Amino acid sequence: MSFLETLTSGAPGVFFGIGYSNPALVGVICMGLLLVFVLIGVRVVFAAGLVGLIGLVELIGWHAAAGSIGSIPHSKSVSFVLGLIPVFILIGYLAFHAGMTAQLFAAARAWIGWLPGGLAVATVFATAGFAAVSGASTATTAVFARVAIPEMLKAGYDRPLAAGVVAAGGTLASLIPPSAILVIYAIIVEESVGALLLAGFLPGLFSAAIYAAIIILWAKFRPEAGPSVRGISWRERFKSLPGVLPIAAVVGIIVSAVYTGWAAPTEAGALGAFVVLVMAWINGMRWPSLKAALMETSKLVVMIFSLIWGVLIFGRFLGFSGLPETFANWILSFDADPYLILAAILLGYVILGMFMDAIGLLLLTLPVVYPAVMALNGGPDVTAADSAFGMSGAQASIWFGIIVVKMAEVCLITPPIGINCFVVNGVRPDIPLTDVFRGIFLFFVADILTIAGLIFFPQIITWLPSMMN
């Protein structure tokens with residue numbers, strides 16, 4: 001019997017000859033196969049979907065596998081929670097095409113430019129402000145590569161610093177709500193979207209503050225690398241504030257809705273998009289700019305949804321293989337400090353992040369890693385008093401979500417992939433990629449400090465969600 005005939009007959013064990021006799025071994029083989037595909041350059045959506053299909057056929061045969069995964073695109077796309085992703089991304093693109101980003105940077109420059117490395121610090125807080133209306137890191141990076149880098153270079157800043165701060169500042173969109181990655185995490189682990197969005201707010205500001213502190217210290221030792229901006233009057237500063245109001249309004253709508261519960265996160269996101277659209281129209285945006293915003297949103301949303309479909313097929317296979325439970329039991333077998341095990345897991349994220357994009361990394365690892373970390377803490381129903389990390393199961397789920405999304409931020413600037421670095425180079429081809437990677441070193445150190453702070457002071461993450469109505 002030929003391979004095709006064996007495959008279509010519906011018999012399991014057609015690829016590796018194992019079938020359901022050792023599902024965990026099939027899971028390990030397929031994880032290795034997936035890593036090989038990713039490392040040779042196959043896009044995550046195709047690699048995950050193909051390997052997931054291969055694994056399912058090996059375990060349960062062709063007919064059952066095809067029936068199991070055939071409903072995934074429709075069943076997962078009609079999720080109400082997924083509606084957050086397009087509206088969050090649309091808010092960011094509307095704000096950009098309406099010129100709100102330039103106004104935000106101008107306000108930050110006017111109020112913060114006098115500090116050592118003031119324009120770089122202003123870029124950090126301007127990207128944090130834009131992150132509060134944009135769910136996409138790459139979009140934030142592309143916008144400020146156009147807006148902030150010319151201003152810094154004109155003021156005499158080092159090219160690596162100017163490029164690095166934009167690449168790193170763009171990552172803040174992963175944490176500060178509205179965040180598409182936090183929504184994806186919530187979908188994978190079945191956690192509250194509202195709680196996660198609130199939980200990302202303070203860590204995002206904390207991360208921005210660490211970035212700013214690192215820049216100021218660097219500029220103190222090397223004033224020529226980041227000179228201060230002088231000669232801005234108080235009149236100019238106050239004149240810049242009205243340009244920040246639309247973004248402040250969107251932040252207020254989303255955060256207050258999630259915090260008080262007067263609207264669901266999806267409804268708050270849609271209302272925020274409407275507010276930005278009205279403000280953009282008032283600021284002079286017309287059909288060509290609106291069309292561009294809608295087209296760019298559509299392209300990014302299609303990419304994200306396709307990635308979700310492919311990885312959910314792989315997740316369906318992992319459920320059949322039992323690999324997550326096997327991995328969790330293996331982690332628990334180590335007689336080591338839980339924080340040491342957590343550090344090893346996060347180091348694995350750093351290594352994988354050198355070769356994978358942030359969303360793909362989370363989608364592929366969380367089905368295995370999340371159950372292991374929850375088991376390490378004591379399980380989903382553990383109390384804070386009996387847990388390894390001093391948090392209840394519900395708190396640990398949110399805490400780990402913010403930690404792992406912050407790790408995804410690190411992946412966005414880690415060579416050799418570092419997609420935000422490539423975005424900066426794509427927008428500003430006059431700045432070599434080597435300069436961009438040199439410039440992110442300071443911010444890589446800042447990210448490590450931020451992660452350490454979030455691990456040992458989890459209240460930064462858990463305080464706001466604990467106050468939700």
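Which residues does Val 166 touch, not counting residues up to four places away in sequence?

Modeller: Keep in mind that this is a predicted model. Val 166 touches Thr 123, Thr 141, Phe 144, Ala 145, Ala 148, Ile 149, Met 152 and Val 424, leaving out residues up to four places away in sequence.

The largest nonpolar core holds 166 residues. Val 166 is among those that touch the most other members, along with Ile 85, Met 152, Tyr 349, Trp 399, Phe 400 and Phe 443. This core draws at least three residues from each of two domains: domain 1 (18–79 + 305–391) and domain 2 (80–299 + 419–467). There is a general pattern here. In soluble globular proteins, nonpolar side chains tend to be buried together.

Leu 119 lies in helix H8, which spans residues 118–131. Is Leu 119 buried or exposed? Its relative accessible area is 1%, so Leu 119 is buried. Gly 226 is 107 residues away from Leu 119 along the chain, yet their C-alpha atoms are separated by 7.6 Å.

Next, compare a whole helix. Helix H18 covers residues 323–332, and its buried residues are Leu 323, Pro 324, Ala 328 and Ile 331. Seen down the axis of H18, these buried residues fall within an arc of 135°, so they line one face of the helix. An α-helix has 3.6 residues a turn, so residues three or four places apart point the same way. The buried residues of H18 pack against helices H2 (23–39), H17 (287–321), H19 (338–353) and H20 (358–377).

H17 and H20 also take us to an open space. Both are among the helices that each supply at least two residues of the lining of the largest pocket. H17 gives the largest share of that lining, seven residues. The pocket has a volume of about 1,100 Å³. It is lined by 37 residues, and Thr 138, Leu 300, Met 303, Asp 357 and Ile 419 lie nearest its centre.

Ser 392 sits in the loop between H20 and helix H21 (393–413). Ser 392 has a relative accessible area of 19%, and buried means under 20%, so this residue counts as buried.

Notes
Residues are numbered from 1 along each chain as its sequence is written. This is a predicted model: local features need pLDDT of at least 70, side-chain atom pairs count only at pLDDT 80 or more; totals for chains, interfaces and linings use all residues. Side-chain values use heavy atoms; hydrogens and water are left out. Helices (H or I, at least four residues) and strands (E, at least two) are DSSP runs, numbered from the N terminus. Buried means under 20% relative accessible area, exposed over 50%, partly exposed in between (1.4 Å probe, protein chains only). A nonpolar core is a set of buried Ala, Val, Leu, Ile, Met, Phe, Trp, Tyr and Cys residues joined through side-chain atoms within 4.5 Å. Domain bounds come from an automatic or database domain assignment. Contact means heavy atoms within 4.5 Å. The arc is that of the directions from the helix axis to the C-beta atoms. On a 1 Å grid over the protein atoms alone, a cavity is a set of points where a 1.4 Å probe fits but cannot get out, and a pocket is an open set with protein on both sides within 12 Å along at least five of seven lines; lining residues have an atom within 4 Å of a point. Grid points are joined across faces, edges and corners, and a volume is the space filled by probe spheres set on the points.
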